[in-house]
Amino acid sequence: IFLKLITLLYLMFQQIIRRRWQRMPSNTKENGFETLIVDTLVNSNGYEQGITTEYNKQYAIDEDRLFRFLMSTQKKAMDELHILDSDLEKDRFFKQLDKKLKSDGVIELLRKGLRYKHLRLDLFYVRPSVHNPEAAALYEKNIFSVTRQLQYSSFNPRLALDVCAFINGLPVITMELKNQLTKQNVFDAVEQYKNDRTPDEVLFSFKRCIVHFAVDDNEIRMC
């Protein structure tokens, strides 16, 4: 399902580039391209739009949407685990989640969930068969979101990523956007990932995201 997600986003970018970017001459700057992608995800694909202040830089998590998903789908387990009882309990949970993200990676946790204390918490519900209404209802509770100009760095608060997509508060896809009309292209975005988006930042550490996209108004590359 995650390969399908990446493929769908890749095809969506191609569609935007071919059909819609040329129809938006009023803003040919990079942030116009950014607006177009975010608006397409939000208005045509059911994504929520996040803001950078909702992002927990220490653990690279959209904290609000993670807990909103868990409480709407597994409230009994959340109450039993006392995760939201105090900041101390919340931090213990984050530390265990961070440990498993480092060792197993985000794809494995989305597939198999997180074992915390004596219970397992699901972090994503897959699209079910057509004859399973209960599973379909759970799938609809997944929260897909996108945040633009994400201030991700714990070391330099001025650093910002163009676009980041999340599933239930966990980052899965990052995007650096360039516009050839402003004399930059996809290769500048690739170099930005190589030189500026360093793995000592949690968001860009190994296994933390599924894919990093370098995008311009003509080409898309996976980094």
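Mentor: Start with the disulfide, defined as a pair of cysteine sulfur atoms within 2.5 Å. The search of the whole structure finds zero disulfides. This is a predicted model, where local features need pLDDT of at least 70, side-chain atom pairs count only at pLDDT 80 or more, and totals for chains, interfaces and linings use all residues. Residues are numbered from 1 along each chain as its sequence is written, and side-chain values use heavy atoms, with hydrogens and water left out.

Trainee: How do you know that the sulfur of Cys-209 is too far for a bond?

Mentor: Its closest cysteine sulfur, in Cys-164, is 5.5 Å away, and the limit is 2.5 Å.

Trainee: Why does Cys-164 count as buried?

Mentor: Buried means under 20% relative accessible area, exposed over 50%, and partly exposed in between, with a 1.4 Å probe and protein chains only. Cys-164 has 0% relative accessibility, so Cys-164 counts as buried. Cys-209, at 11%, counts as buried too.

Trainee: What makes β6 and β7 a pair?

Mentor: Strands are DSSP runs (E, at least two residues), numbered from the N terminus, and two of them pair if DSSP finds at least two bridges between them. Strand β6 (residues 144-150) and strand β7 (residues 161-167) have six bridges, in the antiparallel sense. Ser-145 stands opposite Phe-166 in β7.

Trainee: Why are β1 and β10 at the edges of the sheet?

Mentor: The open sheet has six strands in the order β1-β6-β7-β8-β9-β10, with mixed pairing. β1 (48-50) and β10 (220-222) each have a single partner strand, so one side of each is left without a neighbour in the sheet.

Definitions and conventions: Helix = DSSP H or I, 4+ residues; strand = E, 2+ residues; numbered from the N terminus.
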